[in-house]
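Me: Can you walk me through this one? I've got the sequence and the model open and would like to go feature by feature.

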Amino acid sequence: MNEIAALDIWITIVCLGLGSFGLRFVFLGLIGDRPLPAWILRHLRYTAVAVLPGLVAPMVVWPPATGGALDLPRMAAACATILIGLATRNVVAAILAGAATLYGMLYLLG
């Protein structure tokens, strides 16, 4: 097993921190006190909607709990979350429905 040197880890952490700060500073530091055009504000509303599926999808399609294999409980939970979210337009209801479906299917299928 290869070990990573402590200096390499700290260099990586510092570089990621500087990059994260730089990305935020461009929006908040440089143009934070000026009004943004309406078309930019309209697109910024969809940032969370675009990021959240990117975080969740790998856990549904390649779940670590199954060694990366698709399984019915996680796919059913994802479908239930999407359907309840579309039907109710309520994020909390969608999350609760997905969680209940996942745990219910895991209980039923073992």
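Predicted model: local features only at pLDDT ≥ 70, side-chain atom pairs only at ≥ 80, totals over all residues.

Me: How many salt bridges does the count come to?
Reply: The count comes to 1 salt bridge.

Me: And Asp71 and Arg74, buried or exposed?
Reply: Both Asp71 and Arg74 are buried.

Me: Why does Pro63 count as buried?
Reply: Because its relative accessible area is 1%, and buried means under 20%.

Me: How many residues line the pocket, and which lie nearest its centre?
Reply: The lining has 25 residues, and the ones nearest the centre are Leu52, Val56, Ala78, Thr81 and Ile82.

Me: What's the lining like by class?
Reply: By class, 19 of the lining residues are nonpolar, 4 are polar and 2 are charged.

Me: Switching to the surface. Which residues form the nonpolar patch?
Reply: Phe21, Phe25, Val26, Phe27, Leu28 and Leu30 form it, and together they have about 630 Å² of accessible area.

Me: Where does Leu28 lie?
Reply: Leu28 is in helix 1, which covers residues 6–30.

Me: Why does Leu28 count as exposed?
Reply: Because its relative accessibility is 65%, and exposed means over 50%.

Me: What about the segment before helix 1, which residue can you place there?
Reply: Ala5 is found in that segment. Ala5 is partly exposed, at 40% relative accessible area. From Ala5 to Tyr46 the C-alpha distance is 40 Å, and the two are 41 residues apart in sequence.

Me: Now backbone angles. What's phi for Arg89?
Reply: Phi of Arg89 is near 60 degrees, which is a positive value in a residue other than glycine. You'll find Arg89 in the loop between helix 4 and helix 5.

Me: Is Arg89 buried or exposed?
Reply: Exposed, as the relative accessible area of Arg89 is 68%.

Me: Last one, Tyr107. Where is its place?
Reply: Tyr107 is in helix 5. Tyr107 is exposed too, with a relative accessible area of 72%.

Me: How far apart are the C-alpha atoms of Tyr107 and Pro73?
Reply: They are separated by 9.3 Å, while Tyr107 and Pro73 are 34 residues apart along the chain.

Key: Residues numbered from 1 in each chain as written. Heavy atoms only, no water. Patch = residues over 30% accessible without salt bridge, like charges linked within 9 Å, V, L, I, M, F, W, Y side chains within 5 Å. Areas by Shrake-Rupley, 256 points an atom, 1.4 Å probe, with all protein chains shown as cover. Salt bridge = Lys/Arg side-chain N within 4 Å of Asp/Glu carboxyl O. Helix = DSSP H or I, 4+ residues; strand = E, 2+ residues; numbered from the N terminus. Buried < 20%, exposed > 50% of the residue type's maximum accessible area, 1.4 Å probe, protein only. 1 Å grid on protein atoms, 1.4 Å probe; cavity = no way out; pocket = protein on both sides within 12 Å on 5 of 7 lines; lining within 4 Å. Nonpolar A, V, L, I, M, F, W, Y, C, P; charged D, E, K, R; others polar.
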